[in-house]
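Thank you all for coming.

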Amino acid sequence: MLCTDAILGQMSQVAKPQIKFLSELFNIMFCINGKYNFLNLSRYSSYCDRTLRRWYSRPFDFVHFNILLISQLCWSKLIAAIDTSVMLKSGKKTFGKGNFWSTSLNRAIKGIEISSIALIHLKTRQAFNISVRQTNGKKSGEDSRMNQYIHQFNDVVHWLKKLNVLYVVADGFYAKYSFVRTILQNQLHLISRLRNDANLRWPYQGPHPKRRGAKRKYEGKVSFSQMDKFRKITDYNGYLLFEALVYSISFKRTIKVVMVRPIDKPNQYALLFSTSTLLPALYVVQYYEARFQIEFLFRDGKQHLGLADCQSTQQERLNAHFNFSMSALNIAKLHILERNSFKPDTVISIDNYKRIKFNENWLNRIIRKLDLDPDLIKNNPNFKELIFYGS
């Protein structure tokens with residue numbers, strides 16, 4: 001049985017007052033109607049809004065907490081994913097405010113950006129956040145956004161190794177030499193997407209002539225209109241898969257490229273790649289598909305747990321708010337999976353889970369405030385019906 005208090009008790013650096021605060025916060029986050037700001041949180045909590053602000057400013061090891069949460073899963077193979085999300089934010093003094101590209105609006109907007117590193121459980125096909133961090137949009141050079149993503153990854157990579165994670169999946173934005181080099185230096189492999197006009201070379205496979213100088217390395221540039229050197233693998237969900245080992249000029253190494261072509265639109269294609277040349281092409285496609293589970297974390301966090309509602313301008317409080325929202329989402333998903341014995345076809349509905357938790361919290365509050373006998377009421381056969389009312 002998943003118990004947040006027991007997990008917090010395993011973290012020796014967390015004092016009892018902070019455990020008490022965190023337990024109450026993770027409980028009320030599923031009971032709130034309206035915005036998830038300090039004033040509204042105080043309406044459902046025993047803490048006032050000023051006390052909440054102070055607690056949000058205190059350090060807490062969210063990565064360790066999330067790893068302990070996820071360890072409750074019935075383990076199967078895990079892969080890691082990294083992605084960003086942009087949200088609107090007003091206030092001239094808000095930390096990290098800048099211009100960020102919004103894929104949903106297809107244009108740059110002024111706001112803030114968060115970067116999330118998540119674990120994807122392949123058996124249940126669910127993503128669980130382990131680290132979320134705000135991007136500082138006003139820095140460049142050594143503190144560029146890509147370097148900030150790399151620094152965040154380096155902070156959690158030792159946890160990934162402990163969980164035997166071998167592959168990191170990311171969208172095409174991360175297909176850059178600096179990020180690829182970071183992944184490989186940590187003995188992991190990257191699965192991502194290439195531009196359709198990527199600069200690739202065929203490795204030379206023929207005999208080398210007896211002459212002075214370096215041996216011939218390349219046979220020519222890869223042309224994606226000529227398919228004779230690509231090896232067809234299989235048909236997969238309406239797509240044709242082709243693979244080849246090529247040399248990437250950008251990454252300065254040999255990679256496995258998987259070309260995905262729709263059967264009904266043979267002139268269109270997408271290029272996926274893996275820095276592991278031994279990974280089967282079908283796994284490359286399936287792992288990249290699983291990457292989209294991280295998008296549901298951002299969606300559920302914004303829709304149900306106030307991920308974009310924080311009204312603070314300070315870096316510590318903003319980061320705490322983002323992490324509280326994502327950790328609460330982990331708790332909800334794990335509770336739902338646990339109730340369904342971690343079945344792969346489990347339907348995750350955070351809205352339904354919040355309804356149940358609100359009913360349970362409201363009934364317990366009535367019992368306490370009216371000095372009723374909790375054993376008498378909770379043993380009533382109609383009590384469970386009230387908890388699931390409206391769910």
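Let me start with Lys-252, which counts as exposed at 56% relative accessibility, where exposed means over 50% relative accessible area, buried means under 20%, and partly exposed lies in between, with a 1.4 Å probe and protein chains only. Lys-252 sits in the loop between strand S10 (239–248) and strand S11 (253–262), and its phi is near 60°, a positive value in a residue other than glycine. Helices (H or I, at least four residues) and strands (E, at least two) are DSSP runs, numbered from the N terminus.

Before I go on, please keep in mind that this is a predicted model, in which local features need pLDDT of at least 70 and side-chain atom pairs count only at pLDDT 80 or more, while totals for chains, interfaces and linings use all residues. Residues are numbered from 1 along each chain as its sequence is written, and side-chain values use heavy atoms, with hydrogens and water left out.

A second residue with a positive phi is Phe-342, at about 55°, although it is not a glycine. Phe-342 is found in the loop between H10 and helix H11 (350–369), and at 12% relative accessibility Phe-342 counts as buried.

Now the chain as a whole. Its secondary structure comes to 13 helices and 12 strands, and along its principal axes the C-alpha trace spans about 95 × 50 × 40 Å. Of the 391 residues, 51% count as buried. If a contact means heavy atoms within 4.5 Å, then residues 24 or more positions apart account for 60% of the contacts with a separation of 6 or more.

What holds the interior together in terms of side-chain contacts? The term I use is a nonpolar core, a set of buried Ala, Val, Leu, Ile, Met, Phe, Trp, Tyr and Cys residues joined through side-chain atoms within 4.5 Å. The largest such core has 118 residues, and those with the most contacts inside it are Phe-21, Phe-65, Leu-119, Leu-194, Leu-200 and Phe-324. Helix H10 (residues 315–339) gives the largest share of this core, 12 residues. A second, separate core of five residues includes Ile-356, Ile-367, Phe-383 and Ile-387. Leaving aside residues up to four places away in sequence, Phe-324 touches Phe-21, Leu-22, Leu-25, Phe-26, Met-29, Tyr-56 and Phe-62.

On a 1 Å grid over the protein atoms alone, a cavity is a set of points where a 1.4 Å probe fits but cannot get out, whereas a pocket is an open set with protein on both sides within 12 Å along at least five of seven lines, and lining residues have an atom within 4 Å of a point. Grid points are joined across faces, edges and corners, and a volume is the space filled by probe spheres set on the points.

The largest pocket holds about 540 Å³ of space. Its lining is made of 24 residues, and Thr-84, Ser-85, Val-86, Trp-101 and Thr-103 lie nearest its centre. Which element gives the largest share of that lining? The answer is S1, with six residues. By class, the pocket lining has 11 nonpolar, six polar and seven charged residues, where Ala, Val, Leu, Ile, Met, Phe, Trp, Tyr, Cys and Pro count as nonpolar, Asp, Glu, Lys and Arg as charged, and the others, Gly among them, as polar.

As for cavities, the count comes to one of 30 Å³ or more, and the largest cavity contains about 40 Å³ of space. Among the residues that line this cavity are Met-87, Lys-89, Cys-310 and Phe-322, and the elements that give two or more residues to its lining are S1 and H10.

How many disulfides does the structure hold? It holds zero, a disulfide being a pair of cysteine sulfur atoms within 2.5 Å. Take Cys-48, which is partly exposed at 38% relative accessibility: the closest cysteine sulfur, in Cys-310, is 16 Å from its own, so the two are too far apart for a bond.

I will finish with two buried residues. His-121 belongs to strand S3 and has a relative accessible area of 1%, while Gln-148 lies in helix H6 and is buried with a relative accessible area of 19%.
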